[in-house]
Amino acid sequence: MANGTTVSNGVNVQALLDARDALTKAPEAAQFKWRAACEWKNGTHSHSTVESFFGLGEEQHRKTTFNFDADHPEVFASEDKGATPVEFVLVGLASCLTAGVAAVAQNRNIQLKSVTATIEGDMDLAGILGIDSEVRNGFKGITVKYKIDADAKPEDIEALVAQSQKRSAVYDIVTNPTNVTVVVN
Amino acid sequence: MSAVTTVIVGAGHAALAMSRCLAERSIDHVLLERGEVAQSWRTERWDSLRLLTPKWQSRLPGFTYTGSDPDGYRTLPEIVDFIAGYAKSISAPVRTHTTVTSVRSDGAGYLVRTDRGDWRCRTVVIASGACNTAKVPSFAASVPPSVATLTAQSYRNPAQVADGGVLVVGASSSGTQIAHELQRSGRPVTLAVGEHIRAPRVYRGKDLEWWMDAAGVLDERYDQVDDVVRARRAPSLQLAGTPDRSTLDLNALSDIGVKLTGRLAGITQDGKAQFSGSLRNMCALSDLKMRRLLELLDEWARANGLDGAVATPDRLPPTRVEDAPPLGMDLVKSGIRTIIWASGYRPDYSWLELPVLDRKGYVTHDGGVVPAPGVYLMGMQFLRRRKSALIDGAGDDARDLSAHLAAYLDNAAQRMSA
């Protein structure tokens with residue numbers, strides 16, 4: 001394991017620990033709302049933006065607006081102007097877990113050299129196409145494969161990945177049910 | 001109205017250890033007990049329960065095991081006899097069948113009201129236990145009416161449970177033991193597994209508790225661990241006082257046919273249980289934690305020249321998880337007749353009228369010293385040491401806190417005379 005003073009994964013762990021302390025004392029400031037806005041373009045193509053969120057008791061704004069095009073691939077007779085929505089879910093899960101790996105590694109004084117993940121979701125289209133009502137629309141299962149080069153024993157690296165899952169918001173969203181309310185104004 | 005220097009709320013092992021330490025310091029005190037000595041053990045545990053620490057390990061101030069079966073695990077009646085025997089041997093001033101209804105500030109001290117008269121005292125020791133109430137999730141209200149529910153606290157034996165399927169929720173020490181007993185009784189058990197900590201009963205030929213005691217793991221102090229809040233919240237080790245000293249882990253339960261699922265995440269209005277997809281990671285985390293503990297013990301054995309004197313290191317195989325554990329289950333259609341909540345316990349402080357509770361309703365404290373002058377807490381997970389919640393941990397905590405309590409009384413006396 002690397003010397004604690006030299007480990008840098010670019011994560012400000014002290015700020016995270018300070019935030020945990022502060023939010024333990026002020027639980028109302030820990031109440032966040034995350035948002036995205038989505039606009040239909042044409043066919044299965046839509047354009048989404050992410051800019052504001054609510055947290056620490058007030059509206060928060062980004063310096064820039066992030067843009068996302070979603071579409072379906074040409075085999076679905078679509079124009080393939082962006083990743084499919086289910087791929088955004090995979091991106092969300094992989095990037096959440098990867099951020100977690102870095103944060104946990106920093107906290108445990110493990111220097112990361114490289115972290116790559118591939119993520120794959122199995123889906124039976126008989127669900128979304130309405131061919132078989134017993135097949136779910138969503139993924140049957142998701143597999144994430146990590147390759148991690150770090151100054152640590154293999155079991156410490158395994159523990160990083162396990163702890164990252166335990167603390168991941170997207171992992172929780174994907175593995176546990178969530179109430180979803182959709183209204184039309 | 002009676003007056004005494006110290007009121008101890010409760011008369012379990014922690015309260016009795018404190019009583020013994022106060023007696024050594026000639027501090028007059030009384031133990032107020034809602035029922036009999038060791039009341040929780042008498043009335044709130046299942047019949048087949050055995051203590052998960054070996055007999056030799058229940059060392060209390062002035063009281064140790066001298067019998068011929070030091071490595072055995074006490075049965076429930078033996079636990080009650082043991083604690084009652086301790087109370088008798090130290091002549092603890094216990095007022096039985098005396099329920100504390102409130103504790104509040106009263107000038108320089110405290111007023112303790114009971115259903116059998118009131119007490120005025122200068123110091124209070126809260127030793128009313130960590131497991132007064134079974135924790136049940138809010139969605140328990142959605143359990144279909146045809147499914148019976150019990151908790152690890154109200155479960156006694158299989159005869160109490162209808163024939164048919166059982167869903168046991170929680171896979172720490174209580175849940176795994178109840179799942180084992182019910183599966184063996186012929187009732188097919190599904191076990192919903194959240195966070196848990198796997199541990200071998202015997203490691204390298206010695207009881208795991210022997211290792212943790214000898215290597216000093218159990219003596220680790222609350223002010224030395226990285227994150228005591230987390231340590232206090234950690235689930236109990238998945239240990240059982242098995243008569244044959246076998247390990248009761250998830251693999252052992254799978255072997256006899258118990259079906260494992262992820263954590264119970266919810267129950268829908270139409271009676272469908274929803275399980276988390278996190279079972280694989282829960283088991284991976286648990287296996288990793290176990291491996292870390294065993295490596296630490298191996299290192300200690302090496303450093304202390306025990307290699308050769310004890311068996312060689314070995315590792316249990318990883319926890320087996322099926323490829324696609326079920327994510328949902330229609331409780332009635334799947335034949336579940338009973339749900340047993342083994343999802344943890346919490347203390348009851350409804351009688352404590354002091355401003356010392358945190359927003360989750362737990363007593364705030366620094367190693368058992370409560371932020372109300374002269375008030376102390378005993379018998380909680382990692383109160384002062386990793387062993388604090390064990391019978392064996394009460395002695396050191398009682399010695400420390402009785403010294404603090406005595407110093408508090410001395411300082412108060414000096415202030416009075418100054």
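Q: Why is B:Arg221 called partly exposed?
A: B:Arg221 has a relative accessible area of 23%. Buried means under 20%, exposed means over 50%, and partly exposed is in between (1.4 Å probe, protein chains only). The value of 23% falls in between, so B:Arg221 is partly exposed. This is a predicted model, in which local features need pLDDT of at least 70 and side-chain atom pairs count only at pLDDT 80 or more, while totals for chains, interfaces and linings use all residues. Residues are numbered from 1 along each chain as its sequence is written, chains are lettered from A and ligands numbered from 1 in the order in which they are written, and side-chain values use heavy atoms, with hydrogens and water left out.

Q: What makes B:Arg221 and B:Asp223 a salt bridge?
A: The side chains meet at 3.0 Å, N to O. The rule asks for a side-chain nitrogen of Lys or Arg within 4 Å of a carboxyl oxygen of Asp or Glu, so the pair qualifies. B:Asp223 is partly exposed at 46%. Elsewhere, salt bridges that share partners join B:Arg204, B:Asp298, B:Asp307 and B:Arg315 into one network.

Q: How do you know that B:Asp298 and B:Arg204 tie together separate parts of the sequence?
A: Their side chains meet in a salt bridge of 2.9 Å, N to O. B:Asp298 lies in helix 8 of chain B and B:Arg204 in the loop between strand 12 (202-203) and strand 13 (206-207), so the bridge ties together parts that are 94 residues apart in sequence. Helices (H or I, at least four residues) and strands (E, at least two) are DSSP runs, numbered from the N terminus. B:Asp298 is buried at 7%, and B:Arg204 is buried at 5%.

Q: Is B:Lys55 buried or exposed?
A: B:Lys55 has a relative accessibility of 9%, so it counts as buried. The side chain of B:Lys55 meets that of B:Asp69 in a salt bridge (3.2 Å, N to O). Both residues lie in the loop between helix 2 (39-43) and helix 3 (76-89) of chain B, 14 residues apart in sequence. B:Asp69 is partly exposed at 34%.

Q: Why is the pair B:Trp210 and B:Trp211 called edge-to-face?
A: Rings of Phe, Tyr and Trp (its six-membered ring) pair if their centres lie within 6.5 Å; planes under 30 degrees apart count as stacked, over 60 as edge-to-face and the rest as tilted. By this rule there are 12 aromatic pairs over all chains. The centres of B:Trp210 and B:Trp211 are 5.2 Å apart and the planes stand at 80°, so the pair is edge-to-face. B:Trp211 is buried at 0%, whereas B:Trp210 is partly exposed at 23%.

Q: What makes B:Trp211 and B:Trp300 an aromatic pair?
A: Their centres are 6.2 Å apart and the planes stand at 80°, which makes the pair edge-to-face. B:Trp211 lies in helix 5 (residues 208-214) and B:Trp300 in helix 8 (residues 279-303) of chain B, 89 residues apart. B:Tyr203, B:Trp210, B:Trp211 and B:Trp300 form one aromatic cluster.

Q: How do you know that the charge of B:Arg74 sits over the ring of B:Phe82?
A: The charged end of B:Arg74 is 3.9 Å from the ring centre. The rule asks for NZ of Lys or CZ of Arg within 6 Å of the ring centre and within 35 degrees of the ring normal. B:Arg45 lies over the face of B:Trp41, at 5.1 Å from the ring centre.
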